[in-house]
Structures are given as structure tokens and as C-alpha cells.
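Thanks for coming. Please have a look at the structure first.

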Amino acid sequence: SVSAFLLNRSSDLRLRNNHKWKLKDDTLFMAMNIMDRYISKYKVPNSEFQLVGVSSYLIASKYEDIYPPNVDELSQICNFTYAEDAILKKEYEILVGLNFDILYNSSYKYLTFMHSITDKENTKLFYISQFILELSLENLDILQYSQSKRALAALLIGKKLLQIKKSWNELRLYYDYDENEIKNVQKKMIVLLKKVLNSKTKNSIYDKFDSSKYKCVSSFLSDMCQNKSNYKYRNDDDKENKENKENYNDENQPDNY
């Protein structure tokens, strides 16, 4: 899919050009948003899906990054399927098609804000939550939820995995969501996370978060999953509903993963 292409190319640019560019993590989230909005608004031929993806990435990078990728590099990672002129032309078409309205609050920005309120010093927690968010970018079931709900769900999963006490009180000053609604997002994220961690073939997102820059959180979670300790997911609605009723007012009660 074009989403997978963009995710892979984002990782490629990071791995191959880390010495040259300081690409921001939010560039990927903005690029995905630009691409999705354009594709939902205009009919795009199958032959141009990757072109839209790479041009969206160029737009996002020009906004977010100090040193955006060169157009010839973007053409190269597409195996020269699209010439530089074609990428620049599509960039212009996307901007005009969206009336140059490219700004939005991504789940990454919400995560950054929430993390700064609750556990600012715990970078491992942030990277685990970010890992979950990036995995979710291809999942339509999860993308139907708002940016802030996805960020909160990912953060709470990270807290559970690291056995950190939940902190609803601080966040409720800004986000007064129903706890059961957030748990629905968490369930879908947990299923996706387990699928990736248990897969023999690791994707580019897993490889990205297996680097020292991100504290190797993907392999950390993979080991945790293999050991099956502190990593449980209960798919029993009756038991869960019963426990929810018993623990409804206890914010420090751990969720059932």
C-alpha cells in the first residue's frame, strides 16, 4: 500500500541520511495526513500513489525540518520511477488541491504534550508510545479515532508495559474522555502490537525503533512478549466488563492486557 511505502521510505531516509539531515519524527505524521486528505479528495491513478506519497513527504519535510531531503534523493528511493520534475509538479498539485492547508495537530504532537505533563523524564515511555502510534498509521480501525485519543491510548499502554501508575487526573484537565472509549482504542493497538512483535519478519518501523536513538524499545517489547511476563491481553468481554464495574472508581487499578 502507499501507506506502507511512505512508512518504509521515511525509515530509509532516516537510516541512510542520518548524518546529513535532522528529520523530525512528526514529518512522517504530517506527510501521512497530507497524503490521506489528498487521496480522499481526488481520484488518483494507481500508478501515481507512490508519487503522491513521496511528494507529500517532501511537503511535510519542508515545513517541519531544517534540511529537507533533496528531490533527487526522493527520486532515487523510488528507484527513479518518478523524475524530479514529476515530484515537484505533484507537490504543487497537492498544495493547490488542499488550498495550501497542511497544518494539523498530529497524534505525535498530542503525545509530546501529554508526555510532558505526566512523565517528562521517562524517554523510554515516550518511544514505546511513539512506536505504537507509528504502527497504527496503517490501521484503518485505529485511524478512525481522533488524534488525541490515539495518543492517550498509546501513552497508557506504554505506562502499563513499564508498570507506571496511570495519571488520569493531570490529563483530565485537558482531555475529559470516557475511560471505556480509550480502552477500545487500546485493545486494537495491543492486538496490532502483538502481531508485529510475534512476526518473524520485522518491518521498517520495528527496525527504526530497534536503534539506540530510540532506546531499542522494539526489541525490548519483543523480549517482553516472548517471555509473556507483564504482557497479557485478555479477550474475554464478560470478564472484562465485570472487572470494569468492580474497579470503575479505582484509577490505579491496572488494565487487563
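A salt bridge, as I use the term, is a side-chain nitrogen of Lys or Arg within 4 Å of a carboxyl oxygen of Asp or Glu. Lysine 90 and glutamate 93 form one, with their closest N and O atoms 2.8 Å apart.

Before going on, some ground rules. This is a predicted model, in which local features need pLDDT of at least 70 and side-chain atom pairs count only at pLDDT 80 or more, while totals for chains, interfaces and linings use all residues. Residues are numbered from 1 along each chain as its sequence is written, and side-chain values use heavy atoms, with hydrogens and water left out.

Now the overall layout. The protein has 14 helices and 0 strands. Helices here are DSSP runs of H or I with at least four residues, strands are runs of E with at least two, and both are numbered from the N terminus. Of the 257 residues, 49% count as buried. Buried means under 20% relative accessible area, exposed means over 50%, and partly exposed is in between, with a 1.4 Å probe and protein chains only. A contact means heavy atoms within 4.5 Å. Among contacts between residues at least 6 apart in sequence, 75% join residues at least 24 apart.

Back to the charged pairs. How many salt bridges does a search of the whole structure find? The search finds 10. Side chains of opposite charge can pair when their charged atoms come close.

In the pair I opened with, lysine 90 and glutamate 93 both lie in helix α5, 3 residues apart, which is about one turn of the helix. Lysine 90 is buried, at 7% relative accessibility, and glutamate 93 is partly exposed, at 29%. Elsewhere, salt bridges that share partners join Asp25, Glu134 and Lys208 into one network.

Helix α5 also holds glutamate 91. Is this residue buried or exposed? Glutamate 91 is buried, with a relative accessible area of 9%. Its side chain meets that of lysine 62 in a salt bridge, 2.9 Å from N to O. That pair links distant parts of the chain, as glutamate 91 is in α5 and lysine 62 is in helix α3, residues 49-64, 29 residues apart. Lysine 62 is partly exposed, at 44%. Leaving aside neighbours within four places in sequence, glutamate 91 is in contact with Ser55, Leu58, Ile59 and Lys62.

Arginine 37 lies in helix α2, residues 26-41, and aspartate 101 in the loop between α5 (84-97) and α6 (107-118), so the pair ties together parts that are 64 residues apart in sequence. Arginine 37 is partly exposed at 24%, and aspartate 101 is partly exposed at 42%.

Next, the interior. A nonpolar core is a set of buried Ala, Val, Leu, Ile, Met, Phe, Trp, Tyr and Cys residues joined through side-chain atoms within 4.5 Å. The largest such core has 59 residues, and those with the most contacts inside it are Ile34, Phe131, Met189 and Leu193. A second, separate core of 9 residues includes Val54, Leu58, Val71 and Cys78. Methionine 189 touches, among others, Ile132, Leu133, Ala153, Ala154 and Ile157, not counting residues up to four places away in sequence.

Helix α9 runs over residues 147-161. Of its 15 residues, 14 are buried. Just after α9, glutamine 163 takes a positive phi of about 60 degrees.

Finally, confidence. pLDDT is the predictor's confidence in each residue, from 0 to 100. The protein averages 80, and 78% of the residues score at least 70.

Definitions and conventions:
The expected span of a helix is 1.5 Å times one less than its number of residues.
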